[in-house]
Amino acid sequence: MSSNCKESSILSDWIRRALSAHRTTICNSIALCSDDYLMPALRLAYSLVNQICKEEAVGKSPTLSIDWVENVVVYSKNRVESEVMHCGGRRDSLDSQGFIDSLGFDFNTSDAGGNDFDVDDDLFESILNDGTVLLEEERDRDVQEGEYDYNIRAEFSPSLFNLIRNDADGGGLPKVIVQRGISSLGVVFYVLFSGGERPAHFPTPTELAGQKLTTRFDTETETEELSQEQSDDLEPLPFDRDVTIDLAVEPSIFDSIDDEYVHDPLGDRTIDGAPDNPNPKKKHTSQQNRDISNNCSAPAESLRAKGLPSPLCDLVANMLDCINGTLSGEDSYQSMADVRSDLRLMLDNPNTFLRDVDTTKLSTAGLIEKTMFGRNVELSSIKDAYQRSISGECRPVTITGTSGTGKSLLANEFGKFVSSAGGIFLSGKFDQLQQGKPFSALASAFDQYCGILLQYDDVASPKEEVAFQLRSVLGKESYHLSKIIPSLATILGSELPVPNHNEDCINAQKRVQYLLCKFVEVISSSSSVPITLFLDDLQWADTASIAVVNQLLFAAGPSSHKNFFFLACIRERDSTTKWLPGIDILVAGGIKIKLDCMGEHTLNAMVSETLRLSPRLTRTLSNVMYHKTKGNPLFVSRLMRSLSNEGLLRPSLSRRRWEWDTKEIRSRRLPDDVAMFLTDSLEELPKEVRWALFVLSCFGASSEKNAFVERQGLDDNILKNLEIAVAEGLVVKIDDQYRFAHDRIQEAAYNTIPAEKRCVIHFKYGIELSSLLIGEEDASASVLFTAVNQLNLGGPHAVQDKGQYVTAARLNLRAGKKAMEMSDYETAYLNFDCGISFLRKKHWEEHYSLSLELFSLAARCALTNGDHISLKILIAEVVAKAQSFEDKLDVLYLETCALASSLRLAESIE
């Protein structure tokens, strides 16, 4: 008993008054299942089992021949009242103080007014409501010590416990004694949660003491049931005598008890994780034990009839059943610690482990939850780095790990923390199939910030302050920045100065790095809250974006501005992923957090919370899943859905919970790699759904709904089938955007079609999108880059009509110019190079202007990128094919600049 629990109350009166406090408005049965009664009762139950666990730890065990129900006392901080819980309203003839003294408690029950225990009901109700109050630091301390020291708790009489001596091997109490103890505690819980009733037709401790146990003995050669005659010849068990038990001598009769016996009413089927028993199962033949078994199920139904949550009813029923052990596998309690763990889960997370599950909603939709498991240490590390960064110590954090380990989930969980703390969380995602868009992830993230600013309409808003600062710092160069960040033009105004397009391009890359760094400096210094920049899938980033990020982090050093934090997710190198050189620099200069696959304990917590069952019940299922998935979170979540689709993991309406077939799951053969598993899983979907997923995968990890509507020639059922994919958890729909639940799913969907056919489909979609750009010079840059990216993914070999060669070349020229406006000369060079690849023989004669412009601009980009080999080839082609000296001037100037930058001044003068 803790030091602050110096007052006590008798539990039968506590139950009566707790229920009567609510009877004025609701009936008794409803009051039982209300939180006002149920949660304090759970705390009382937890304190009782916790007391037993503590007593067992010091070598004491409760006496089983005594009725435990009559030896419970409740303590309250604010009350001076005591009474012992009893059955049927029976109370000893002693007065309150004398009766409690007879139980052996050592405390002072008198208050300032004496030993008057009659407290009015209003005061009792206020105490009951105050029973949930506990300082946070006190609760954290008590939870670490294994107990909930609330304002209300219960204890057994000290006289209930006897000192025991363990045997030489330290084996502890025999299983039969432990199970009888759990059953006796189950009776106490039944009385507590039923409102004072004792389970009907259930044997009393005195009756149980006179019964002979029917047990099972196990040898190496056979498992045989103890006959009724042998049972009749047994001497009374040690715990039936109110004496100290010497485990070094007494437990010989328990030496051969088979702990693994499973009574399976279904015969040969293993359900809910019960361990396989290689020996034939034999039913109990003892009529006495069958009667007890029936008596155990009846109380559970009685509690359900009162409206109590099914998990709590099952807990009490399973405890009562421990007197005969008819439950199989994980359903049966093996120790008091198991009971304590389940009660603690109900107290800590009642919505998951206590409340009833709506059986009509038990479906696969609940099997994939965007919940983080086992990453609290890593999350705390990110939070610590965040606090240091916004205080001036700017160190980037990179989350690395193999595919499917939950990198993005961890980052988004941190994003929730930032947003809840009032900060701004900007996110961008690089895409393997959208690398034709300049600075795509950075542009998306910074465009989000501009969208936040545009929500303010007043003159003195942050939008006006940022706009003024940007105009002052950037001047006419703000035009280039507005080409990268579309919404910035709206903030800065329509009258942006037009730069000189004939300016030197050698330092164009440095210019965009400078502009983006200044942009971050302005928004972080102008913002009153910290700003976090999160970039996902950095392994797919282009060289230009990596260079910008490194420059950005270099500029945001300790001596620079505060209020800025950088976070990135990077997939570890594998056969499909290669890091750019700049990524190594970024990772080496910051804090690296590596995510591994989940351990078996963490996986069991994930399965337990997902299925809303105790970890004790899901342990066998999670063990099988762990050995098949190696703890990969993505693999686990997809496997659970697959098992549900196959009926191996299914909701039981009668049991109001999930159940599974452990033996069948164990025998199922699975690929070792999550990518192969996803590919196999997609093959089980209808053909139309697989096609819709492939179409979506062609455009990257996500796509807008309008994009599908605008694409002519696409199957009208694409959107309908994508909705089916959303229901399967493969795709997430946010507003009008469809996004794959994981990039591995996108990759698996993309690989369902052979590479040769993919090229034709890509080019087809590119041509269809290009129809939206005809006569629209000011068309959306996003549509232009998407159309050109599709054409280039298809390539010249996918062209079906000769006229499409020129169309593809012209669109690449247009996209390259747009990329140059954004100062992304690497993307621009790729566009010009692809445009040249679409040109056919005699293109200089048939399409001279197009050819000259593609080669000349490609040479300019090659010089900017430092690609002197390509520059030399391009210049030679223009010099050889140009029809006039004027047409050669641009490339000759570029050649002179290249020679001068290489310190070959004499050659440049010539």
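Which residue in strand 12 stands opposite glycine 401? I kept this question for the sheet entry and started with the whole chain.

**Entry 1, the chain.** I noted that the model is predicted. I looked up the secondary structure and found 40 helices and 17 strands in the protein chain. For burial, I read that 53% of the 910 residues count as buried. The accessible surface of the chain comes to about 41,000 Å², and carbon and sulfur atoms hold 50% of that area. I then took the contacts between residues at least 6 apart in sequence; 75% of these join residues at least 24 apart.

I traced an open sheet of 5 strands with parallel pairing, in the order 9-10-11-8-12. At its edges I found strand 9 (424-429) and strand 12 (591-595), each of which pairs on one side only. From one strand to the next, the twist averages 20°. I followed strand 12 to its partner, strand 8 (residues 397-401), and counted 5 bridges between these parallel strands. Here I could settle the opening question: glycine 401 faces leucine 595 of strand 12.

I turned to strand 16 (residues 731-734) and strand 17 (residues 737-740), which are antiparallel and share 4 bridges. I checked valine 731 and found phenylalanine 740 in strand 17 as its bridge partner. Which residue in the turn has a positive phi? The two strands form a hairpin with 2 residues between them, and I found the positive phi, about 60°, at aspartate 735 in the turn.

Methods. Residues numbered from 1 in each chain as written. Predicted model: local features only at pLDDT ≥ 70, side-chain atom pairs only at ≥ 80, totals over all residues. Heavy atoms only, no water. Buried < 20%, exposed > 50% of the residue type's maximum accessible area, 1.4 Å probe, protein only. Contact = heavy atoms within 4.5 Å. Areas by Shrake-Rupley, 256 points an atom, 1.4 Å probe, with all protein chains shown as cover. Pairing = 2+ DSSP bridges. Axes fitted to C-alpha atoms, helices over the stretch in contact; angles between N-to-C directions.
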